[in-house]
Amino acid sequence: MGPREVAGRAGDAARRRRWRSAPPECPEVTGARFTAVLPAGAIAAVPPDAAKRLVADADRLMAGHGGYFGVDRDDLADPDWSYDPRTGRRAPWDHAFDVPYRDEDVVGDIKQIWELSRHQYLTVLAAAYALTGDERYAERVAAHLRSWWAANAPLRGVHWTSGIELGIRLLSWVWIRRLLDGWPGAAGLFEGNPVALRQIWHHQRWLAAFPSRGSSANNHVIAEAAGQTAAACAFGWFPASARWRADALRSLERQLRSNTFGSGLNRELATEYHGLVLELGLAAVAEADGAGVPVPASVREVLLRMTDALAAVVDGHLRPPRQGDADDGHGLVVDGADTDRWASLLATGDAAFGRLAWWPAVTGTDVRTPLLAALIRPYAGNGTAPAVARPDRRPAHFADAGMTILRGPAEIWCRCDGGPHGFLSIAAHAHADALSVEVRHDGVDVLADPGTFCYHGQPEWRRYFRSTLGHNTLRLDGADQSVSGGPFLWTRGARSRVLVADPSGKSGGGTARWCAEHDGYRRSVHRRRVELTAASRELRVVDEVRGPRRAAQLAFHLGPAIAAELAGNRATLTWTRDGEDRSAVLDLPGELSWRAHRGESDPPLGWYSAGFGRKEPATTLVGTGFTGGAQGFTTVLRFRG
């Protein structure tokens with residue numbers, strides 16, 4: 001931490017002490033009215049198939065069924081807001097400033113506890129009411145909000161410990177009130193309810209007092225600013241509302257710029273957080289536009305660049321890279337679980353900014369896009385058009401982020417990583433994955449990034465999924481390239497630089513090329529070259545190490561759909577896509593001794609996490625030996641057919 005952050009955190013500590021002895025009091029509110037309603041026709045614009053998916057999910061929730069992070073729940077008809085179903089523990093109802101929320105032995109799995117209280121399942125129920133007019137959904141929403149407010153008094157318990165949770169919850173409450181408009185009980189639940197008014201005020205007062213700072217000013221501060229903007233626009237009933245709104249928009253503008261590369265990729269280099277920040281930013285703009293509040297031009301410019309960058313990096317099935325941490329976090333949920341998140345974001349981006357000719361086609365439908373589009377002012381006209389040049393062809397190399405996408409026939413997609421080690425001084429959501437590659441064929445993970453799986457409470461799994469051995473790259477002397485100081489802290493990060501990036505293959509006779517190196521191993525430099533030849537459908541990876549002779553491990557993680565038969569240094573890979581058999585041959589460096597690992601736990605090796613809290617066995621090929629060969633290590637992946 002720098003001096004400014006230390007001073008800010010010292011001020012936060014002093015403020016907490018004052019709030020213990022004299023907690024802030026909500027001012028009296030009279031005559032509050034909710035006017036942030038959807039324009040006429042917004043609900044009617046929702047595609048029928050998207051509405052059907054959402055209502056089906058709402059019905060499962062009404063029956064008490066749902067699932068979070070690999071845990072199926074059947075208690076959602078009347079949930080315990082402090083209960084963790086994974087460990088069976090209940091978080092203590094102490095003063096919020098005393099709750100050790102990172103200690104699973106005391107609190108339980110904090111992600112399991114927090115997720116339900118983001119109230120994004122209630123936005124689904126509220127949307128079901130808006131689409132069907134069935135008051136059962138509205139009544140369930142009202143019962144759960146009253147239950148939550150009663151069980152979570154301001155500054156008591158685990159739900160008052162983290163700003164990102166308060167910010168996302170406020171955004172959910174805004175949309176719940178909006179979607180319940182027309183239900184006779186809506187006003188009595190919110191603006192006519194002193195308990196609700198007190199909760200809304202305390203959420204906003206907390207966010208104004210304790211913003212994420214310095215080394216923690218990542219996606220959390222975006223969620224705080226977006227939630228504060230939404231609430232101050234839609235629930236502008238308090239004396240401080242105008243100030244909170246102005247401060248939140250200034251923070252949103254500053255933090256969006258800080259969190260985003262000029263290329264449009266998120267600086268955390270964790271793709272799911274790119275999606276989360278984009279969702280939050282679009283939702284905040286929708287609130288401000290709907291309320292007639294001017295939005296700084298740079299906010300739209302950053303969101304536009306983020307949208308174009310997302311369109312550029314996805315594969316042919318609209319799947320983005322699986323880079324860095326991922327915790328299944330969403331900004332605003334008004335869709336059924338089977339809705340494609342990335343297609344939905346691109347559809348919203350199209351509605352907000354207009355698609356470019358090179359964008360991939362989006363064929364799916366969603367509920368959120370027509371609702372946000374009804375609030376967001378048009379891209380062109382009324383002074384909202386961003387003064388930013390958009391790319392006239394699909395970008396493939398993002399120099400500032402160190403990401404390069406190589407593409408070949410039959411939807412061969414390869415991500416090469418030569419970028420910075422995370423964002424800010426702690427690089428909280430980075431992995432030790434310098435020079436790793438990720439390869440797909442027609443949307444199927446062939447050489448896969450294994451994912452994230454967990455954050456708190458399972459340290460051996462957290463270490464594995466962000467380790468160098470847990471990625472498709474080279475490990476020396478059994479050590480990670482970057483040095484971890486904790487589950488969200490790196491004390492030293494590998495420095496990478498891209499030496500060659502020719503994704504079009506113009507300089508190589510149709511062979512796309514990439515080359516980069518990093519200095520994460522003291523006294524040695526790891527350099528990797530990747531070549532994708534379209535004519536032969538061949539991907540060649542060459543690893544070289546300059547420096548003293550060292551023990552080496554080269555890992556290739558296969559996707560869960562891939563079956564592998566390893567014979568010596570050749571692996572035959574087979575899988576099925578849409579009922580059709582596919583195959584490839586992976587020729588591995590003969591200088592190394594190769595073994596296949598699958599589903600091992602002591603230590604962890606051979607796993608794939610499709611989503612937070614979920615993991616499944618997958619094959620990992622690991623070659624062991626020593627550096628020092630004149631030619632380095634050459635790996636060749638050939639796709640058949």
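## Close-up views of pockets, cavities and local features

**View 1. The largest pocket holds about 1500 Å³ of space.** This is a predicted model in which local features need pLDDT of at least 70 and side-chain atom pairs count only at pLDDT 80 or more, while totals for chains, interfaces and linings use all residues. Residues are numbered from 1 along each chain as its sequence is written, and side-chain values use heavy atoms, with hydrogens and water left out. On a 1 Å grid over the protein atoms alone, a pocket is an open set of points with protein on both sides within 12 Å along at least five of seven lines, a cavity is a set where a 1.4 Å probe fits but cannot get out, and lining residues have an atom within 4 Å of a point. Grid points are joined across faces, edges and corners, and a volume is the space filled by probe spheres set on the points. Of the 50 residues lining the largest pocket, Asp 328, His 330, Ala 337, Thr 339 and Arg 614 lie nearest its centre. Strand β22 gives the largest share of this lining, four residues; α5 and α12 (271–291) are among the elements that each supply at least two. (Helices, H or I with at least four residues, and strands, E with at least two, are DSSP runs numbered from the N terminus.) By class, the lining has 18 nonpolar, 16 polar and 16 charged residues, where Ala, Val, Leu, Ile, Met, Phe, Trp, Tyr, Cys and Pro count as nonpolar, Asp, Glu, Lys and Arg as charged, and the others, Gly among them, as polar.

**View 2. The second largest pocket has a volume of about 1000 Å³.** Look for Tyr 101, Arg 102, Ser 162, Ser 216 and His 220, the closest to its centre of the 42 residues that line it. Helices α1 (3–21), α4 (110–116), α7 (163–179), α10 (219–234) and α12 each bring at least two lining residues. The lining divides into 20 nonpolar, twelve polar and ten charged residues.

**View 3. The largest cavity has a volume of about 120 Å³.** Among its 18 lining residues, Asp 417, Pro 420, His 421, His 431 and Asp 433 are the closest to the centre. Six nonpolar, nine polar and three charged residues make up this lining.

**View 4. The second largest cavity contains about 90 Å³ of space.** Its lining includes Leu 265, Asn 266, His 274, Gln 323 and Met 403. Helices α12 and α13 (297–313) each contribute at least two residues here. The class count is seven nonpolar, four polar and no charged residues.

**View 5. Helices α5 (residues 120–132) and α6 (residues 135–151) cross at roughly 150°, their axes coming within 7 Å.** Angles over 145 degrees count as roughly antiparallel, so α5 is roughly antiparallel to α6. Axes are lines fitted to C-alpha atoms, for helices over the stretch in contact, and angles run from 0 to 180 degrees between N-to-C directions. Contact means heavy atoms within 4.5 Å; residues that meet include Tyr 121, Leu 125 and Tyr 129 in α5, and Tyr 137, Val 141 and His 144 in α6. This contact has ten nonpolar, two polar and two charged residues.

View 6. Most residues other than glycine have a negative phi, and most peptide bonds are trans.

Definitions and conventions. Angles under 35 degrees count as roughly parallel, over 145 as roughly antiparallel, 65 to 115 as roughly perpendicular and the rest as oblique.
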